[in-house]
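Me: Please take one part of this protein and go through it closely. I would like to know what surrounds it and how it sits in the rest of the chain.

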Amino acid sequence: SSGINAEYGDHIIKFGKLPNSSSKLYYQGDRIHRIKTSVLTVDGDCTMITLDYEIDISGTGLADSTDPMREKADGTLIPISQFRLSYYPHTLAKFNALLEDEFGADADHQILPDFMAKKPDESYVPSYLVHIIKRKE
């Protein structure tokens with residue numbers, strides 16, 4: 001048993017936005033200005049999650065006059081670069097079922113929130129759920 005409930009793993013699908021722990025979901029660094037989340041549903045089912053990243057490129061030598069500008073919290077204008085990451089949203093229950101089908105119901109299966117052995121506290125919602133699974137010999 002993973003000890004992780006479905007709501008814990010399906011935050012983006014349920015709420016339509018990243019959890020608070022996810023300011024640097026997928027890409028680490030201090031240049032992430034903003035991440036906008038879109039959830040596509042078709043006939044009531046979530047079929048795609050899209051993350052639109054805005055990256056601060058000031059001081060990198062990469063900015064030019066065609067780059068969009070954004071205002072930081074302190075009022076400073078910065079040039080940004082944009083990119084999009086889209087993926088299919090596996091719910092925790094369905095992903096666990098896929099793993100069980102492949103590795104067997106008796107496989108050793110752990111789920112690590114944000115690469116940690118356990119959540120820091122009950123209110124913490126992780127950015128990642130890392131699955132470690134080993135088939136029984």
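Reply: Leaving aside residues up to four places away in sequence, Asp56 touches Arg31, His33, Lys72, Ile78, Pro79 and Ile80, where contact means heavy atoms within 4.5 Å. This is a predicted model, in which local features need pLDDT of at least 70 and side-chain atom pairs count only at pLDDT 80 or more, while totals for chains, interfaces and linings use all residues. Residues are numbered from 1 along each chain as its sequence is written, and side-chain values use heavy atoms, with hydrogens and water left out.

Asp56 lies in strand S2; helices (H or I, at least four residues) and strands (E, at least two) are DSSP runs, numbered from the N terminus. With a relative accessible area of 11%, Asp56 is buried. The classes are buried under 20% relative accessible area, exposed over 50% and partly exposed in between, with a 1.4 Å probe and protein chains only. The side chain of Asp56 also makes a polar contact of 2.6 Å with the side chain of Ser58. A polar contact is a pair of N or O atoms within 3.5 Å; within protein, one must be able to donate a hydrogen and the other to accept it, and residues adjacent in sequence count only if both atoms are side-chain atoms.

S2 has strand partners, two strands being paired if DSSP finds at least two bridges between them. With S1 (residues 32–42), S2 pairs in the antiparallel sense over 10 bridges, and Ile32 has Ile55 in S2 as its bridge partner. With S4 (residues 77–87), the pairing of S2 is again antiparallel, over 8 bridges; here Thr50 stands opposite Ser86 in S4.

The hairpin of S1 and S2 has 2 residues between the strands. Asp43 is in this loop and has a positive phi of about 50° although it is not a glycine. At 79% relative accessibility, Asp43 counts as exposed.

The largest nonpolar core has 10 residues: Ile12, Leu18, Ile32, Ile35, Cys46, Ile49, Leu51, Tyr53, Ile55 and Ile57. S1 and S2 each supply at least two residues of this core, and S2 gives the most, with 5 residues. A nonpolar core is a set of buried Ala, Val, Leu, Ile, Met, Phe, Trp, Tyr and Cys residues joined through side-chain atoms within 4.5 Å. In soluble globular proteins, nonpolar side chains tend to be buried together.

As for the setting, the protein has 3 helices and 6 strands, in the order α-α-β-β-β-β-α-β-β from the N terminus on. Buried residues make up 28% of its 137 residues. Among contacts with a separation of 6 or more, 52% are between residues 24 or more positions apart.

The mean pLDDT is 85, and 87% of the residues reach 70 or more; pLDDT is the predictor's confidence in each residue, from 0 to 100. Confidence is lowest in helix H1 (residues 6–9), at a mean of 55, and highest in strand S3 (residues 69–71), at 95.
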